[in-house]
Amino acid sequence: MLNRFQFARLRSFRRAVKIDEQSSRPQVAGARVVCIASGKGGTGKSVMATNLAVHRARLGERVLLVDFDAGLANAHLLLGLAPKFDLGHVLDGQASAREALVEGPAGVRLLSGGVGRQSLVNPTRRELDRLFRALRPLENDFDLILIDHGAGVGYSTIAHLAATSTLLLVTNHEVTALSDGYAIYKRATVVNPDIRVGLVVNRAPDEHLAMAAWDRFRGAANRFLGHHPELVGWVPADTAVAQSVQLREPVLLSFPESEAARALVKVAAWTPLEHARTTSAFYEKARRALR
Ligand SMILES: Nc1ncnc2c1ncn2[C@@H]1O[C@H](COP(=O)(O)OP(=O)(O)OP(=O)(O)O)[C@@H](O)[C@H]1O
Ligand SMILES: [Mg+2]
């Protein structure tokens with residue numbers, strides 16, 4: 001008998017074989033692409049991204065996590081990996097995007113962001129264009145691509161937001177995180193009026209404070225912009241998360257019964273994660289956004 005992990009692995013292997021068989025045919029844009037961003041730093045984007053990736057992979061999807069917190073990457077730490085290559089190597093042409101991938105828990109593939117690489121911290125338009133072109137083939141290899149961004153509205157984040165159909169915006173309940181989150185929501189909807197945005201209130205002390213934060217965010221967005229994001233859910237502040245970070249393993253795997261893990265599973269069930277699809281290839285769209 002296969003256990004759940006082995007079964008999911010087998011399913012994604014079968015899909016991969018199918019893709020190989022079809023590789024002589026013209027490829028259409030494949031992967032659904034979801035960006036994970038926040039205004040303020042440290043809200044829990046990488047925790048969210050790594051756990052979502054693991055959950056979706058366990059459901060049998062081929063999942064790629066791109067750590068675009070360029071220059072300050074840490075998704076590899078949260079997944080217990082030590083990648084040989086990162087986005088910097090891809091940018092410099094030292095490795096292809098496919099060569100730079102490493103396999104993590106539940107078969108998740110990671111493209112790491114590189115630590116302390118100047119070219120990635122402040123990429124020029126030309127460098128980003130080169131990088132997006134290099135990443136484009138990955139869209140054919142995966143069902144879901146999650147992009148973990150650095151905090152704030154940097155140039156590369158905006159290019160991604162202009163191209164993505166779906167954004168998961170992670171905030172905390174404090175007014176500073178909400179205010180910065182609002183700024184990125186506003187910017188995202190300006191550069192991409194069709195974008196679907198889901199808000200997660202992470203690390204909330206309790207449901208009451210999480211819902212009060214949501215009400216405040218929704219109220220401000222409605223008042224000043226005339227629209228608001230969807231509420232995906234809230235994740236409690238839970239010591240299991242910090243412990244899992246210490247263990248370098250997503251909390252869904254190390255403490256699956258914890259409150260945070262249960263809440264993260266609910267976040268991972270947000271329907272748009274199933275349907276996030278751009279009408280043209282994501283990285284083509286992102287390249288056009290650079291012009
Ligand atoms: N729900 C939670 N409960 C308790 N601690 C949490 C929770 N979510 C995140 N944390 C803690 O917050 C820290 C920062 O989380 P994470 O690295 O995911 O934030 P980030 O938004 O990706 O930060 P950055 O902006 O630097 O990329 C983690 O190391 C973890 O210990
Ligand atoms: Mg991060």
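Guide: Here are the terms, each set against its definition.

Guide: This is a predicted model, where local features need pLDDT of at least 70, side-chain atom pairs count only at pLDDT 80 or more, and totals for chains, interfaces and linings use all residues. Residues are numbered from 1 along each chain as its sequence is written, while chains are lettered from A and ligands numbered from 1 in the order in which they are written.

Visitor: How do you know how many helices and strands the protein chain has?

Guide: Helices (H or I, at least four residues) and strands (E, at least two) are DSSP runs, numbered from the N terminus. By that count the protein chain has 14 helices and 8 strands.

Visitor: What makes strands β1 and β5 a pair?

Guide: Two strands pair if DSSP finds at least two bridges between them. β1 (residues 32-37) and β5 (residues 144-149) run parallel and are joined by 5 bridges, so they meet the rule of at least two.

Visitor: Why are β3 and β8 said to stand at the edges?

Guide: The open sheet has 8 strands with mixed pairing, in the order β3-β4-β2-β5-β1-β6-β7-β8. β3 (102-103) and β8 (230-236) each have a single partner strand, so one side of each lacks a neighbour in the sheet.

Visitor: Why is β7 called largely enclosed?

Guide: A residue is buried if 20 or more other C-beta atoms lie within 10 Å of its own, exposed if 12 or fewer, and partly exposed in between, with C-beta atoms placed from the backbone. In β7, 8 of the 9 residues are buried, so the rest of the structure largely encloses this strand. For the protein chain, buried residues make up 50% of 291.

Visitor: What makes the unit of β6, α8 and β7 right-handed?

Guide: A crossover is right-handed if, with the strands pointing away from the viewer, the path from the first strand over the helix to the second runs clockwise. β6, α8 and β7 form a β-α-β unit of that hand. The crossover from β7 through helix α9 (residues 207-225) to β8 is right-handed too.

Visitor: Which residues are closest to ligand 1, and how many surround it?

Guide: A residue is near a molecule if its C-beta atom, placed from the backbone, lies within 6 Å of it. For ligand 1, 20 residues surround it, the closest being Gly-41, Gly-44, Lys-45, Ser-46 and Val-47. α2 (45-58), β7 (196-204) and α10 (239-247) each supply at least two residues of this shell.
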